[in-house]
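Please open the structure in your viewer and keep the selection tool at hand.

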Amino acid sequence: MAKDLEEIYKSYAKSVYRYLLSLTHDKDLAEELTGETFYRAVYSIHTYNGSCKISVWLCQIAKHVWYQELGKRKRHLNQELREDIPSPNMSPEEASLFQIDKMDLYRAIHQLSEPMREIVHMRITGEFSFAEIGEILGKSENWARVTFYRLRRARL
């Protein structure tokens with residue numbers, strides 16, 4: 001059994017990490033949550049019934065871990081907000097426009113409902129393929145591709 005769990009980790013850790021990175025936008029946090037995901041998977045492996053691919057099951061655990069992290073963060077409102085600093089090579093005008101464009105993009109993404117927001121995050125920041133997005137969300141590759149392009153054309 002330990003050998004099987006080690007193989008599962010070797011096979012899926014990178015995908016789970018990329019999925020969490022697409023949600024968190026933070027490499028360190030994604031790495032930490034990946035570890036937590038596999039920790040929980042070890043203790044709940046007996047609940048895996050084979051009705052979906054193991055990668056989908058792991059990503060569902062990862063999503064749950066991420067939502068729990070968000071809940072913790074909401075309870076700690078005193079945490080300072082981090083600001084991204086534009087490139088030092090940009091003029092003040094360029095830096096201002098860059099920040100405005102970025103804010104508009106994230107506002108538009110934030111307005112999306114689930115799973116549309118998740119698709120955009122996975123595609124843009126996690127660099128997941130449409131096949132991977134479809135697999136994670138339990139849909140087809142074509143569904144993920146069509147949904148993303150419709151979103152992009154309609155809103156983003």
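Begin at the surface by selecting Tyr39, Val42 and Tyr43, which together form a nonpolar patch with about 350 Å² of accessible area. Please note that the model on display is predicted.

Next, select helix H1, residues 2-24, and display the side chains of Lys10 and Glu6. These two side chains form a salt bridge, in which the closest N and O atoms are 3.3 Å apart. Why are Lys10 and Glu6 separated by about one helical turn? The reason is that they stand four residues apart in helix H1. Lys10 is exposed, at 57% relative accessible area, whereas Glu6 is partly exposed, at 41%.

Remain on helix H1 and select Arg18 together with Glu132. A salt bridge joins Arg18 to Glu132, and the distance between the closest N and O atoms is 2.7 Å. This pair links distant parts of the chain, for Arg18 lies in helix H1 and Glu132 in helix H6, 114 residues apart. Glu132 has a relative accessibility of 25% and is therefore partly exposed.

Just after H6, select Gly138, which takes a positive phi of about 75°.

Now select Lys63 and Glu118. Their side chains meet in a salt bridge with an N to O distance of 3.3 Å. The pair connects distant parts of the chain: Lys63 is in helix H3 (residues 54-75) and Glu118 in helix H5 (residues 116-124), 55 residues apart.

For the last stop, select Cys52 and Cys59. Cys52 is partly exposed, with a relative accessible area of 28%, while Cys59 is buried, at 3%. A disulfide is a covalent bond between the sulfur atoms of two cysteines. How many disulfides does a search of the whole structure find? The search finds zero.

How values were computed:
Residues numbered from 1 in each chain as written. Predicted model: local features only at pLDDT ≥ 70, side-chain atom pairs only at ≥ 80, totals over all residues. Heavy atoms only, no water. Disulfide = S-S within 2.5 Å. Buried < 20%, exposed > 50% of the residue type's maximum accessible area, 1.4 Å probe, protein only. Patch = residues over 30% accessible without salt bridge, like charges linked within 9 Å, V, L, I, M, F, W, Y side chains within 5 Å. Areas by Shrake-Rupley, 256 points an atom, 1.4 Å probe, with all protein chains shown as cover. Salt bridge = Lys/Arg side-chain N within 4 Å of Asp/Glu carboxyl O. Helix = DSSP H or I, 4+ residues; strand = E, 2+ residues; numbered from the N terminus.
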